[in-house]
Amino acid sequence: MTFLSVLRTCFEKTVRRGRRSAAAEEADEAAAANELWDLFFELGTLQVATNFFSEHNQLGHGGFGPVYKGLLPNGQEIAVKKLSLDSRQGLREFTNEVKLLLKIQHKNLVTLFGCCAEGPEKMLVYEFLPNKSLDYFLFDKEKSASLNWRTRYEIVTGVARGLLYLHEEAPERIIHRDIKASNILLDEHLNPKISDFGLARLFPGEDTHVNTFRISGTHGYMSPEYAMHGYLSVKTDVFSYGVLVLEIVSGRKNHDGRLGSEKADLLGYAWMLYQAGRALDLIDPSLTKFNNDEAAMCIQLGLLCCQQSVADRPDMNSVHLMLSSDSFTLPRPGKPGIQGRGGRWTTTSTALTNTNTNTNTNATSTHSGVTKVSAGSSFVEDFSRNSISVSSIDEGR
Ligand SMILES: Nc1ncnc2c1ncn2[C@@H]1O[C@H](COP(=O)(O)OP(=O)(O)O)[C@@H](O)[C@H]1O
Ligand SMILES: [Mg+2]
């Protein structure tokens, strides 16, 4: 690997000098070099594994680039994500981010195996999940039948556990920022694993991330304060999680214009039903059997997570508690922060530019977890409601 010497130099600088013996330094260097070998896949290996990134092996294409299925010589299946990274992104920053991400491990997170940075392209190598992502099941009339109530409830709790880990327990706090159905991958037993955590960290100040939101329609999952002002906190993820929970129990996307104006917006519709005491009308009609108490709790929980008031949204610790305790009485949710799907808002780029400014500073932040949106919050709401009616971009997955 030709870049190894460059990387070794970078490590040398970080090796503590002082009064240590030359032998100890050499041992450190050898350990660092070994770590790098573990971290990097050779381009040739990935080319062979993916049949030279053939179209046939392509699993999907998100805002960050295409994803390919691959098979390593030892029989291990992998998913290779080619990142449309700007070449300005330094190898050292990239390596540091990947090293951090490799330490983020949990049963409800997709495992990152390593990366490849040979040539102009940078890639991430993940474990391959045979059932693809939740959206493939949930939003497909036939496939959604395989998601019975028990499975859905376990997906709701599994994603909560993964997010709790990212927010509170991981070696460094990670705010995901792109929680959505296509970022929940399913293993062979339909256990959920969150993917793409920490990806935004690899795109400091990049327009690519803006495109991600546009292309993949992530707007429907974004909290209003984040979409409008780039205010980022753990509650940004809590909001997206709430939208996801409502999608899981209702079996429909957060916005579906074909359902007519009353039902098109999932949050607005769920709120209306909840207030009318008819929350269970939201449940996916394809679910022939479900647990009423759990279903009602999930809807209430989803609405609590999507409240306009950031401070009133529970953190993932509370969410986890609500899901794991039978005796927990959930508070009544306040008004949801409906921000719609954006589409052609005039302020979209401004809002997202702010977001990207935050990308640099707060990606894994020292946030307290609560960002107050006081001034202008009514404006946010008014504007948001307007944005629903003017939005014209079809919701992504
Ligand atoms: N590790 C993986 N195993 C199996 N399928 C994957 C994996 N990672 C991604 N995919 C599939 O590739 C698609 C594209 O992924 P991605 O580039 O992250 O875009 P997005 O998340 O916006 O859909 C996903 O929707 C998912 O179905
Ligand atoms: Mg993804």
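**Figure 1. D196 in the loop between β7 (192-194) and α7 (207-216).** Helices are DSSP runs of H or I with at least four residues, strands are DSSP runs of E with at least two, and both are numbered from the N terminus. This is a predicted model, in which local features need pLDDT of at least 70 and side-chain atom pairs count only at pLDDT 80 or more, while totals for chains, interfaces and linings use all residues. Residues are numbered from 1 along each chain as its sequence is written, and chains are lettered from A and ligands numbered from 1 in the order in which they are written. D196 is a residue other than glycine with a positive phi, near 65°. D196 counts as buried because 23 C-beta neighbours lie inside 10 Å. The cut-offs are 20 or more other C-beta atoms within 10 Å of a residue's own for buried and 12 or fewer for exposed, with partly exposed in between; C-beta atoms are placed from the backbone.

**Figure 2. F52 and T50 in the loop between α3 and β1.** The loop that holds F52 runs between α3 (43-49) and β1 (58-62). F52 is not a glycine, yet its phi is positive, at about 55°. F52 is exposed because it has 10 other C-beta atoms within 10 Å. T50 lies in the loop between α3 and β1 as well. T50 is buried, since 21 other C-beta atoms lie within 10 Å. Leaving out residues up to four places away in sequence, T50 touches N57, Y68, K69, G70 and V80. Two residues are in contact if their C-beta atoms, placed from the backbone, lie within 7 Å. T50 and L72 are 22 residues apart in sequence, and their C-alpha atoms are 8.7 Å apart in space.

**Figure 3. The hairpin of β2 and β3.** Strand β2 covers residues 65-71 and pairs with β3 in the antiparallel sense over 5 bridges. Two strands pair if DSSP finds at least two bridges between them. In this pairing, V67 stands opposite K81 of β3, and L71 stands opposite E77 of β3. Between the two strands of the hairpin there are 5 residues, and G75 in the turn has a positive phi of about 90°. Strand β3 (residues 77-83) is mostly covered, with 6 of its 7 residues buried.

**Figure 4. The open sheet of 5 strands.** The strand order is β1-β2-β3-β5-β4, with antiparallel pairing. β1 and β4 (112-116) are the edge strands, each pairing on one side only. Direction ignored, neighbouring strands of this sheet are turned by 25° against each other on average. Within the sheet, β3 and strand β5 (residues 122-127) pair in the antiparallel sense over 6 bridges. K82 has M123 of β5 as its bridge partner.

**Figure 5. Packing of helix α6 against helix α12.** Two packed helices are described by the angle between their axes and the distance between the axes. For α6 (residues 149-169) and α12 (residues 316-324), the angle is about 150° and the axes are 9 Å apart. That makes α6 roughly antiparallel to α12. Axes are lines fitted to C-alpha atoms, for helices over the stretch in contact, and angles run from 0 to 180 degrees between N-to-C directions. Angles under 35 degrees count as roughly parallel, over 145 as roughly antiparallel, 65 to 115 as roughly perpendicular and the rest as oblique. The crossing of α6 with α12 is left-handed, meaning that the near helix is turned anticlockwise from the far one by less than a right angle; clockwise would be right-handed. On α6 the contact is made by V156, T157, A160, R161, L163, L164, H167 and E168, and on α12 by M316, N317, V319, H320 and L323. By class, this contact of α6 with α12 has 7 nonpolar, 4 polar and 2 charged residues. Ala, Val, Leu, Ile, Met, Phe, Trp, Tyr, Cys and Pro count as nonpolar, Asp, Glu, Lys and Arg as charged, and the others, Gly among them, as polar.

**Figure 6. Packing of helix α10 against helix α11.** The axes of α10 (residues 266-275) and α11 (residues 292-305) are 11 Å apart, at an angle of about 120°. That makes α10 oblique to α11. α10 passes α11 in a left-handed crossing. A270, W271 and Y274 of α10 make the contact with I299, G302 and L303 of α11. The residues of this contact of α10 with α11 divide into 5 nonpolar, 1 polar and no charged.
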